[in-house]
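Dear colleague,

Please find below the structure I promised to pass on to you. My notes on what was found in it follow directly after.

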Protein chains: 2
Amino acid sequence: MLLRVVSLGFGNVGKALAQMLAEKETELKSAHGVEIVFVGAITRRHGAWTSSEGIRAEAVQRSGWPGGDLPHGATRFDGSTEELARLPHADVVLELTPLKPADGEPALTYIRAALSAGKHVVTANKGPIAHGLSALRKLAAERGRLLRFESTVMDGTPIFGMAQACLPATRIEGFSGVLNSTSNFVLGKMEAGASLDQAVAAAQAIGIAEENPAYDLDGWDASVKACALANALMGAELRPAEVQREGLGREAMVAAIASRAQGARIKQIVEVRRASDRIDARVRLESFAAGSLFGALSGMEAALKLRTDTLGELTLVEGEGGPAQTALGVMADLVAIARGRTVGPQ
Amino acid sequence: MLLRVVSLGFGNVGKALAQMLAEKETELKSAHGVEIVFVGAITRRHGAWTSSEGIRAEAVQRSGWPGGDLPHGATRFDGSTEELARLPHADVVLELTPLKPADGEPALTYIRAALSAGKHVVTANKGPIAHGLSALRKLAAERGRLLRFESTVMDGTPIFGMAQACLPATRIEGFSGVLNSTSNFVLGKMEAGASLDQAVAAAQAIGIAEENPAYDLDGWDASVKACALANALMGAELRPAEVQREGLGREAMVAAIASRAQGARIKQIVEVRRASDRIDARVRLESFAAGSLFGALSGMEAALKLRTDTLGELTLVEGEGGPAQTALGVMADLVAIARGRTVGPQ
């Protein structure tokens with residue numbers, strides 16, 4: 001099966017994906033019968049290209065684009081991102097544009113355009129899943145197309161694919177998670193003796209914190225993830241502004257570190273549960289004893305504990321993540337599309 | 001899709017499965033299009049029955065069989081287990097007989113009989129997977145039938161299904177795991193101050209240790225699990241006798257507990273890695289610092305850390321397990337068979 005892919009956005013994840021697809025090209029074909037080529041890509045700074053034939057990942061990677069020249073055989077494309085999302089000979093649109101946490105746009109618009117034009121969609125962007133999953137699922141079902149989004153939470157850690165493929169007829173009652181690596185890295189540094197400013201600077205130095213880290217430290221990133229998870233796994237219609245963010249931010253972090261018990265670890269956690277008539281979501285700082293599972297996580301590890309009615313508690317722990325881990329999730333989604341599967345409504 | 005199931009063995013897992021299938025009957029049909037009926041079952045003590053129509057899980061459960069009467073509509077069957085495994089109108093054979101760790105028999109024979117007769121097979125028995133997976137896979141492929149075994153390690157925790165569905169073109173380089181709950185429960189009790197004999201008695205009292213607990217404490221259970229995992233996930237041909245069991249058993253446990261560092265936890269672990277020309281597997285006691293992930297596990301929790309070339313490290317942690325968790329794995333395998341999927345060769 002040949003999948004012709006258009007990529008909206010082509011930053012670190014796009015590059016890591018091209019590398020992984022190039023490395024795994026032979027195995028994808030022999031073990032899964034899947035052949036993947038790029039028929040177009042766009043970035044804000046470097047414009048766009050298309051290819052009628054399709055360009056192998058290895059050739060995209062070798063070109064150095066978007067830093068270097070267009071891949072060999074590519075043609076400059078002057079249309080808009082939405083037009084590219086409707087490219088006639090594409091089978092799948094990869095939506096890898098930057099997150100806008102407040103409303104999930106413009107990714108929502110791109111995904112709608114792609115599904116409406118009959119494309120399957122893979123997104124690594126949690127914004128549209130947090131802000132509009134149920135409408136997107138409806139649109140995908142109407143068009144008979146697949147929408148997958150494994151890499152939106154905990155990089156490519158198999159959360160959504162696992163729930164779909166391995167937990168049939170299972171009700172997810174709730175979950176808790178250590179999902180924001182910036183906050184937890186900063187808290188870890190503070191536990192080791194750094195000041196908040198030093199810890200934030202260290203996070204910035206390794207590229208996991210923005211110049212203004214409030215989006216992470218104030219719990220917005222975790223809130224968007226909470227919504228993506230709750231909407232996909234629990235059928236919620238939760239929006240980031242509805243998540244209760246309590247006792248977060250710089251002062252609260254300093255106070256929590258100062259007042260923690262001997263050996264305890266402070267983590268920024270997400271907690272979601274079914275209440276009688278709604279789904280209740282919170283982000284807050286919590287103290288974990290040294291011998292607890294969440295207390296055992298390093299600053300760069302993430303974890304999600306699901307509470308289910310069939311399997312009891314199941315926890316997934318991701319080692320250090322990054323673009324390569326995100327790329328695995330995208331690749332898994334592409335293979336799943338080739339196999340004709342979807343992350344459908346529960 | 002109707003699946004007509006024969007169950008070889010019908011103990012705690014069979015009963016838990018019947019209960020789960022009864023509870024989830026409506027959802028399995030509406031969300032997955034799967035209808036499951038029992039067309040036969042056998043236990044060593046209570047004999048066997050068949051049904052040409054098929055009996056719903058709820059009716060099997062209500063009958064109380066194998067403790068009570070035959071389910072309504074069932075007919076006494078006087079043939080052998082192998083004959084039942086070839087029952088003409090069965091689609092799937094559930095192999096739920098007791099484990100024989102030394103050679104995987106008679107389960108291996110039953111599974112071969114079922115596959116040869118054109119049945120799909122689901123087993124919760126790690127013996128045949130540890131002793132004969134590659135030959136069984138070959139036979140299944142020749143017959144165009146599916147063989148699944150999610151519940152053989154860590155109850156129904158989605159290990160094999162996840163690797164298949166969510167980690168395409170991924171090489172599993174190795175893994176370590178805390179997989180034997182009896183040993184780890186006993187070690188936990190000893191850390192809390194119990195003597196070995198007291199701890200073993202406590203494990204026996206809650207039904208997780210045999211009268212002679214050597215099979216668990218000496219690492220045989222973990223060795224069989226190591227083989228099932230290595231054979232399925234890494235393409236190994238490892239047999240339990242080839243697993244290096246080092247410093248295990250009663251005396252070693254007492255010594256490890258006595259000499260452990262402040263706050264450290266002792267766990268019986270499995271460790272498997274690729275060496276240059278073979279796959280190397282060990283079971284041993286190891287000390288984990290209080291702040292480590294394996295050190296944070298309670299005595300009844302199990303964990304498996306996979307090392308992969310695409311996702312880095314991924315750890316699955318199961319909360320307290322039991323027959324219901326095993327039943328979920330069996331149900332997931334049945335649904336996967338209905339969807340036409342297999343855990344095929346990597």
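**Findings**

A:Ala169 is buried, because its relative accessible area is 3%, under the limit of 20%. Please note that this is a predicted model. A:Ala169 belongs to the loop that links H7 and E8 of chain A. Its phi is near 55 degrees, a positive value in a residue other than glycine. A positive phi, of about 50 degrees, is also found at A:Asp155, which is not a glycine. A:Asp155 sits in the loop between strand E7 (147–148) and helix H7 (160–166) of chain A.

Strand E8 also takes part in an open sheet of 12 strands with mixed pairing, ordered E9(A)-E11(A)-E10(A)-E8(A)-E12(A)-E13(A)-E13(B)-E12(B)-E8(B)-E10(B)-E11(B)-E9(B). At its edges are strand E9 (244–246) of chain A and strand E9 (244–246) of chain B, each of which pairs on one side only. On average, neighbouring strands of this sheet are turned by 15 degrees against each other, direction ignored. Within chain A, strand E8 (residues 172–178) runs antiparallel to strand E12 (residues 302–308), and six bridges join the two. A:Val178 has A:Ala303 in E12(A) as its bridge partner. Helix H8 (residues 181–191) of chain A packs on the sheet, where it touches E8, strand E10 (265–274) and strand E11 (279–288) of chain A. The direction of H8 makes about 145 degrees with that of E10(A).

In chain B, seven strands make up an open sheet of mixed pairing, in the order E4-E3-E2-E1-E5-E6-E7. Strand E4 (75–77) and strand E7 (147–148) of chain B are its edge strands. Strand E1 (residues 2–8) and strand E5 (residues 92–95) of chain B run parallel and are joined by four bridges; B:Leu8 stands opposite B:Glu95 in E5(B).

Finally, two cis peptide bonds deserve mention. One runs from A:Glu105 to A:Pro106, with omega near 0 degrees, and A:Pro106 is in the loop between strand E5 (92–95) and helix H5 (107–116) of chain A. Another runs from B:Trp65 to B:Pro66, with omega near 10 degrees; B:Pro66 lies in the loop between helix H3 (57–63) and E4 of chain B.

With kind regards

Key: Residues are numbered from 1 along each chain as its sequence is written. Chains are lettered from A and ligands numbered from 1 in the order in which they are written. This is a predicted model: local features need pLDDT of at least 70, side-chain atom pairs count only at pLDDT 80 or more; totals for chains, interfaces and linings use all residues. Side-chain values use heavy atoms; hydrogens and water are left out. Two strands pair if DSSP finds at least two bridges between them. Axes are lines fitted to C-alpha atoms, for helices over the stretch in contact, and angles run from 0 to 180 degrees between N-to-C directions. Contact means heavy atoms within 4.5 Å. Buried means under 20% relative accessible area, exposed over 50%, partly exposed in between (1.4 Å probe, protein chains only).
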